[in-house]
Amino acid sequence: MDQKAFLVGTHRFSFQAGKPAEIMGVVFATPEGLEARPCYQIRFDDGREDFVPLSESHHFEIISEQDRAAGKIPTVVH
């Protein structure tokens, strides 16, 4: 069975830290003044979207839809 994947920011300065956001895909995003970089495109339950660089994997965890439903949400630790 396929499940949706969710990204949870675990750094206290992450946008909506500790809240699971559905991973919509991977895109190249270009922040102002920087080079393009691969990012997860994510969407929170409130409809807000964000882009999280794959290179910053030490600031987030990826969980399954089943983990989210069971309340197994990573703790914000940084």
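**Salt bridges and aromatic pairs**

Glu49 is partly exposed, with a relative accessible area of 37%. The model is predicted. Glu49 has a partner: its side chain meets that of Arg43 in a salt bridge, at 2.8 Å from N to O. Arg43 is also partly exposed, at 34% relative accessible area.

How many salt bridges does a search of the whole structure find? It finds four. The bridge between Glu49 and Arg43 is one of them. Another joins Asp45 to Arg68, where the closest N and O atoms are 2.5 Å apart. Asp45 sits in the loop between strand 3 and strand 4, while Arg68 belongs to helix 1 (residues 65-69), so this bridge ties together parts 23 residues apart in sequence. Is Asp45 buried or exposed? Its relative accessibility is 64%, over the 50% limit, so Asp45 counts as exposed. Arg68 reaches 29% and counts as partly exposed.

Asp46 and Arg48 make a further bridge, with their side chains meeting at 3.8 Å from N to O. That distance is within the 4 Å cut-off, so the contact qualifies. Both ends have the label partly exposed: Asp46 has a relative accessible area of 48%, and Arg48 has 47%.

Now the rings. A pair of aromatic rings is described by the distance of the centres and the angle of the planes. The count here comes to two aromatic pairs. Phe15 and Phe44 form one of them: the ring centres are 5.5 Å apart and the planes stand at 80°, so the pair is edge-to-face. This pair links distant parts of the chain, 29 residues apart. Phe15 lies in the loop between strand 1 (5-9) and strand 2 (21-29), and Phe44 in the loop between strand 3 (37-43) and strand 4 (49-53). Phe15 is partly exposed, at 37% relative accessible area. Phe44 has 5% relative accessibility, under the 20% limit, so Phe44 counts as buried.

Tyr40 and Phe60 also pair. Why is this pair edge-to-face? The planes meet at 90°, over the 60 degrees required, and the centres are 5.8 Å apart, within the 6.5 Å limit, so the pair is edge-to-face. Tyr40 is in strand 3 and Phe60 in strand 5 (residues 60-64), so defined by DSSP runs. The two are 20 residues apart, and their pair links distant parts of the chain. Tyr40 and Phe60 are both buried.

How values were computed
Residues numbered from 1 in each chain as written. Predicted model: local features only at pLDDT ≥ 70, side-chain atom pairs only at ≥ 80, totals over all residues. Heavy atoms only, no water. Phe/Tyr/Trp six-rings, centres within 6.5 Å; stacked < 30°, edge-to-face > 60°. Helix = DSSP H or I, 4+ residues; strand = E, 2+ residues; numbered from the N terminus. Buried < 20%, exposed > 50% of the residue type's maximum accessible area, 1.4 Å probe, protein only.
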